[in-house]
Amino acid sequence: MTQAGGVQSWCLGVTLQLIIAAVLHQGFATVAPPTTAHATASPHKDPGRPEKINYFVNNTKGTCLMASMGIQLNVTFSSVSQNKTVHGVMNLKPNFTKSSGSCHATNATLQLTTDVEKSNLTFVFSLNTTSSKYHLSEVSLSAAWPDMKEPVSAVNSSLDYLRGTLGYSYMCREEQTLNVAPDLSINIFQVQVQPFNVTGDQFGAAEECQLDEDDMLIPIIVGAALAGLVLIVLLAYLIGRKRSHAGYQTI
């Protein structure tokens, strides 16, 4: 029975290590938030999780770009009220956001404007016709919020986010952070987007992001580890019981 007990203890230790490793992996798998130099805490209250909004871009053939996501802007600017550099957070809201854009053979644009906060946000998607892969290649923002001493303008045309395959939609349930510039990052939530080959105003089959796949993998690893532990403990118990009966027969 001593050997069986040792086997049980060893199995329990290995299983706990597997579970801890899986949990740590999930923690490190999230997209790291951007670091902002010389910025103080937000002058406004945390707006919370943004509401998901559906966006459509049309051309002469119908809907050519579809997107559904919650968008949160993180902007560093010089504050009039506080007379210092601050970090502002703003959610795009359905009733105050207008969408427009254009679609071409190898690029598609989604432009979002808000009248209240005077913001103009543009997403540009590019298509590689050789590989039939698309990605978010450019993001730009121009903003003139009431508390800004000067309007903020940021653009990055060398991005590589939201990668998908032509004819399919890109989907990610997890929060993602798009690092655009030192003074701009964008948090997107529950995103699904298809910038090319939209058929019948419906998203194509979804290609899920790596973050979603990691989240699905964690419960599988933990469940398999627990099932293995139960099986090994049961086998150790049966072996120990068999040896115990064998000892009685010898006496």
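Author: Let us begin with the disulfides: counting bonded cysteines along the chain, their pattern is 1-2, 3-4. Please keep in mind that this is a predicted model.

Reader: How many disulfides does a search of the whole structure find?
Author: The search finds two disulfides. One of them joins cysteine 64 to cysteine 103, and another joins cysteine 172 to cysteine 209.

Reader: Why is the link between cysteine 64 and cysteine 103 called a disulfide?
Author: The sulfur atoms must lie within 2.5 Å of each other. For cysteine 64 and cysteine 103 the S to S distance is 2.0 Å, so the pair meets the cut-off. In general, a disulfide is a covalent bond between the sulfur atoms of two cysteines.

Reader: Which parts of the chain does this pair link?
Author: Cysteine 64 sits in strand E2 (residues 62-78) and cysteine 103 in strand E4 (residues 97-103). The two are 39 residues apart, so the pair counts as linking distant parts of the chain.

Reader: What makes the disulfide of cysteine 64 and cysteine 103 right-handed?
Author: The torsion about its S-S bond is about 75°, and therefore the disulfide is right-handed. The link of cysteine 172 and cysteine 209 is also right-handed, with 60° about the S-S bond.

Reader: Where are cysteine 172 and cysteine 209 in the chain?
Author: Cysteine 172 belongs to strand E10 (residues 169-172). Cysteine 209 is in the loop between strand E13 (206-208) and helix H2 (210-250).

Reader: How do you know whether cysteine 172 is buried or exposed?
Author: Buried means under 20% relative accessible area. Cysteine 172 has 1%, so it is buried. Cysteine 209 has 5% and counts as buried, and cysteine 64, with 9%, is buried as well.

Reader: What about threonine 199: is it buried or exposed?
Author: Exposed means over 50%. Threonine 199 has 62% relative accessibility, so it counts as exposed. Threonine 199 lies in the loop between strand E12 (184-194) and E13.

Reader: Why is asparagine 91 called buried?
Author: Its relative accessibility is 9%, which is under 20%, so asparagine 91 counts as buried. Asparagine 91 lies in strand E3 (residues 85-91).

Reader: Which residues of the largest nonpolar core touch the most other members?
Author: That core has 44 residues, and Ile71, Leu73, Leu121, Phe123 and Ile186 touch the most other members. Strand E2 gives the most to this core, with eight residues.

Reader: Which residues is leucine 121 in contact with, leaving aside neighbours within four places in sequence?
Author: Among them are Ile71, Leu73, Val139 and Ile186.

Reader: And how many helices and strands does the protein have?
Author: There are two helices and 13 strands. Of the 251 residues of the protein, 37% count as buried.

Methods: Residues numbered from 1 in each chain as written. Predicted model: local features only at pLDDT ≥ 70, side-chain atom pairs only at ≥ 80, totals over all residues. Heavy atoms only, no water. Helix = DSSP H or I, 4+ residues; strand = E, 2+ residues; numbered from the N terminus. Buried < 20%, exposed > 50% of the residue type's maximum accessible area, 1.4 Å probe, protein only. Core = buried A, V, L, I, M, F, W, Y, C linked by side-chain atoms within 4.5 Å. Contact = heavy atoms within 4.5 Å.
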